[in-house]
Amino acid sequence: DENMVVSAVLLQVALQLVALLCLGLPSVAVETDTAAPVVEITIPCYNEESRFPMQEYVEFVARTQKSTSYEVRFLFVNDGSTDNTLDLLQQLTSRFPQRFRVLYLADNVGKAEAVRRGMLESLKTSASTAPDKFTSHAPDFVGFWDGDLATPLDEIDNFLLIFTHQVNIEMVLGSRVALLGRNISRQVSASCCVEPSLFLKR
């Protein structure tokens, strides 16, 4: 009987799907209209001209600008720099206006305060007040990163994976720790402030 054959085939397919789920194998991704999560990272900058890794930022954007997994944006806080740091940051914003922007502080307020102001700027971003494409989507995650990329930008993936696989997690912190066989040297002025990288779920 043709109906019995069709029923048997459907039953077999259903059993195979159940088996795959029980084995914990990855399921096939289904496209949806949901926008990719937006990440906005605050980066404090003070007199970074001699050590600013511009090419690494450019290469990161080039690798990820077509990503459908998430959208990464950067908010540089120019913390009263007296060298050409602002010029470098403006070069990035003019080249990739949808990925980079600059918050300018006339006076040097220190790394911790620069991070705080940048994070507040990111958190107040909303679609209702956004005049341009950069801010047309309020960030789903906000965080901060060291401008000299002591933590490589590729680690952003690992931070976001933690949020994806552990939905109860609200904060992910990255820190340099002394492991066996490794040596970490810090300047006193750079070790009393904030850790190299942090992500928060909005």
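**Note on the predicted model: aromatic pairs, strands and salt bridges**

1. By the ring-pair rule, the count comes to twelve aromatic pairs. Under that rule, rings of Phe, Tyr and Trp (its six-membered ring) pair if their centres lie within 6.5 Å; planes under 30 degrees apart count as stacked, over 60 as edge-to-face and the rest as tilted. The model is predicted: local features need pLDDT of at least 70 and side-chain atom pairs count only at pLDDT 80 or more, while totals for chains, interfaces and linings use all residues. Residues are numbered from 1 along each chain as its sequence is written, and side-chain values use heavy atoms, with hydrogens and water left out.

2. One of the aromatic pairs is formed by Phe52 and Tyr57, which are stacked, with 5.2 Å from centre to centre and 15° between the planes. Both residues, Phe52 and Tyr57, are buried (buried means under 20% relative accessible area, exposed over 50%, and partly exposed in between, with a 1.4 Å probe and protein chains only).

3. Phe52 also pairs with Phe76: the ring centres are 5.7 Å apart and the planes stand at 70°, so this pair is edge-to-face. Because Phe52 lies in the loop between S1 and helix H2 (54-64) and Phe76 in strand S2, the pair ties together parts that are 24 residues apart in sequence. Helices (H or I, at least four residues) and strands (E, at least two) are DSSP runs, numbered from the N terminus. Phe52 counts as buried at 10% relative accessibility, and Phe76 is buried with a relative accessible area of 0%. Ring pairs link Phe52 and Phe76 with Tyr57, Phe60, Phe74, Phe96 and Phe100 into a cluster.

4. Strand S2 (residues 71-79), which holds Phe76, deserves a separate point. Eight of its nine residues are buried, so S2 is largely enclosed by the rest of the structure. S2 runs parallel to strand S1 (residues 38-45), and eight bridges join the two. (Two strands pair if DSSP finds at least two bridges between them.) Val39 has Val72 as its bridge partner in S2.

5. S2 is also joined to strand S3 (residues 100-105), by six bridges, and these two strands run parallel. Here Val77 stands opposite Leu103 in S3. Together with helix H3 (residues 85-95), S2 and S3 make a right-handed β-α-β unit. A crossover is right-handed if, with the strands pointing away from the viewer, the path from the first strand over the helix to the second runs clockwise.

6. For the chain overall, there are five helices and six strands. Read from the N terminus on, the elements run α-β-α-β-α-β-α-β-α-β-β. The protein chain has 202 residues, of which 34% count as buried. Among contacts between residues at least 6 apart in sequence, 78% join residues at least 24 apart (contact means heavy atoms within 4.5 Å). The accessible surface comes to about 12800 Å², and 55% of that surface belongs to carbon and sulfur atoms. Such areas come from the Shrake-Rupley method with a 1.4 Å probe; for residues, only the protein chains shown count as cover.

7. A search of the whole structure finds nine salt bridges, a salt bridge being a side-chain nitrogen of Lys or Arg within 4 Å of a carboxyl oxygen of Asp or Glu. In one of them the side chains of Arg63 and Asp154 meet at 2.7 Å, N to O. This pair links distant parts of the chain, with Arg63 in helix H2 and Asp154 in the loop between strand S4 (141-145) and helix H5 (156-165), 91 residues apart. Asp154 counts as partly exposed at 46% relative accessibility.

8. Glu121 and Arg101 form another salt bridge, in which the closest N and O atoms are 3.4 Å apart. Since Glu121 lies in helix H4 (residues 111-123) and Arg101 in strand S3, the pair ties together parts that are 20 residues apart in sequence. Glu121 is buried, with a relative accessible area of 19%, and Arg101 counts as buried at 16% relative accessibility.

9. Within helix H4, Glu113 and Arg117 are four residues apart, and so are separated by about one helical turn. Their side chains meet in a salt bridge of 2.9 Å, N to O. Glu113 counts as partly exposed at 21% relative accessibility, and Arg117 counts as partly exposed at 34%. Elsewhere, salt bridges that share partners join Glu40, Arg73, Arg101, Glu121 and Lys124 into one network.
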